[in-house]
Amino acid sequence: MKTGSTAAAIAARQRQTEQKLVQVETAIGQLRRERGRLTVRAIADRAGVSATFLYENEAARALVKNAVADSRSRQDRTAQQEHDRVEASWRERALNAESELTRTQKEVFAQRQQIGELMGQFRDFDQMVPASPSSI
């Protein structure tokens with residue numbers, strides 16, 4: 001009779017383990033949909049299993065490991081996209097500033113040339129005017 005009861009106990013234990021694994025998968029799915037943080041503690045709490053079960057059971061450990069890795073890579077992608085968006089904004093500002101600086105430098109150069117031409121005309125005019133008798 002011991003063999004029969006042992007087999008029944010083992011079968012019950014396997015069914016419990018399979019049920020817990022289903023609960024873990026469900027909890028991971030729920031946390032993903034809610035955009036919750038995927039940690040061992042959060043998954044264990046949501047699934048109603050112990051953290052020890054998640055660490056000791058090979059299938060549960062693989063589920064958690066894959067879920068956490070996927071979550072991190074998704075967070076990394078999101079962070080990278082945010083970084084790229086901010087970087088693009090700064091890049092656009094820098095290009096605009098550079099363009100404005102070039103335009104301003106051209107304007108200053110044109111004004112300096114005009115001032116130089118006017119100063120030359122003023123000197124030419126000054127030289128063409130005869131000296132007044134009081135200055136002699």
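**Reading the model together**

Tutor: Let's start with Arg-103, which is partly exposed, as its relative accessible area is 46%. The cut-offs are these: buried means under 20% relative accessible area, exposed over 50%, and partly exposed in between, using a 1.4 Å probe and protein chains only. Before we go on, remember that this is a predicted model, where local features need pLDDT of at least 70 and side-chain atom pairs count only at pLDDT 80 or more, while totals for chains, interfaces and linings use all residues. Residues are numbered from 1 along each chain as its sequence is written, and side-chain values use heavy atoms, with hydrogens and water left out.

Student: Where does Arg-103 lie?

Tutor: Arg-103 is in helix 4. Helices here are DSSP runs of H or I with at least four residues, and strands are E runs of at least two, numbered from the N terminus. From Arg-103 to Arg-35, 68 residues apart along the chain, the C-alpha atoms are separated by 48 Å. Met-119 also lies in helix 4, and with a relative accessible area of 44% it is partly exposed. Met-119 and Asp-84 are 35 residues apart in sequence, and their C-alpha atoms are 52 Å apart in space.

Student: How do I read the sides of a helix? Which residues of helix 2 are buried?

Tutor: The general idea is that an α-helix has 3.6 residues a turn, so residues three or four places apart point the same way. In helix 2, residues 40–47, the buried ones are Val-40, Ile-43, Ala-44 and Ala-47. They cover an arc of only 100° around the axis, so they sit on the same side of helix 2. That arc is taken from the directions from the helix axis to the C-beta atoms. Arg-41 and Asp-45 are exposed on the other side of helix 2.

Student: What happens just after helix 2?

Tutor: Gly-48 takes a positive phi of about 75° there. Its place is in the loop between helix 2 and helix 3, and at 60% relative accessible area Gly-48 is exposed. Gly-48 and Ala-27 are 21 residues apart along the chain, with 8.9 Å between their C-alpha atoms.

Student: Now salt bridges. How many does the structure hold?

Tutor: The idea first: side chains of opposite charge can pair when their charged atoms come close. The cut-off is a side-chain nitrogen of Lys or Arg within 4 Å of a carboxyl oxygen of Asp or Glu. By that rule, the structure holds five salt bridges. One of the five pairs Arg-32 with Asp-70, at 3.5 Å from N to O. This pair links distant parts of the chain, with Arg-32 in helix 1 (residues 2–33) and Asp-70 in helix 4, 38 residues apart. Arg-32 is partly exposed at 32% relative accessible area, and Asp-70 is partly exposed at 28%.

Student: Which residue does Asp-45 form a salt bridge with?

Tutor: Asp-45 pairs with Arg-41, and their closest N and O atoms are 3.6 Å apart. The two are four residues apart in helix 2, so about one helical turn separates them. Another salt bridge joins Arg-85 and Glu-82, with the closest N and O atoms 2.6 Å apart. These are three residues apart in helix 4, again about one helical turn. Arg-85 is exposed at 52% relative accessible area, whereas Glu-82 is partly exposed at 39%.

Student: What about rings? Which residue lies over the face of Phe-53?

Tutor: A charge sits over a ring if NZ of Lys or CZ of Arg is within 6 Å of the ring centre and within 35 degrees of the ring normal. Lys-20 lies over the face of Phe-53, 5.2 Å from the ring centre. The charged end of Arg-93 sits over the ring of Trp-90, at 4.7 Å from its centre.

Student: Last one: is Asn-57 buried or exposed?

Tutor: Asn-57 counts as buried because its relative accessibility is 18%. You'll find Asn-57 in the loop between helix 3 (51–56) and helix 4 (58–128). Asn-57 touches Thr-17 and Leu-21, leaving out residues up to four places away in sequence; contact means heavy atoms within 4.5 Å.
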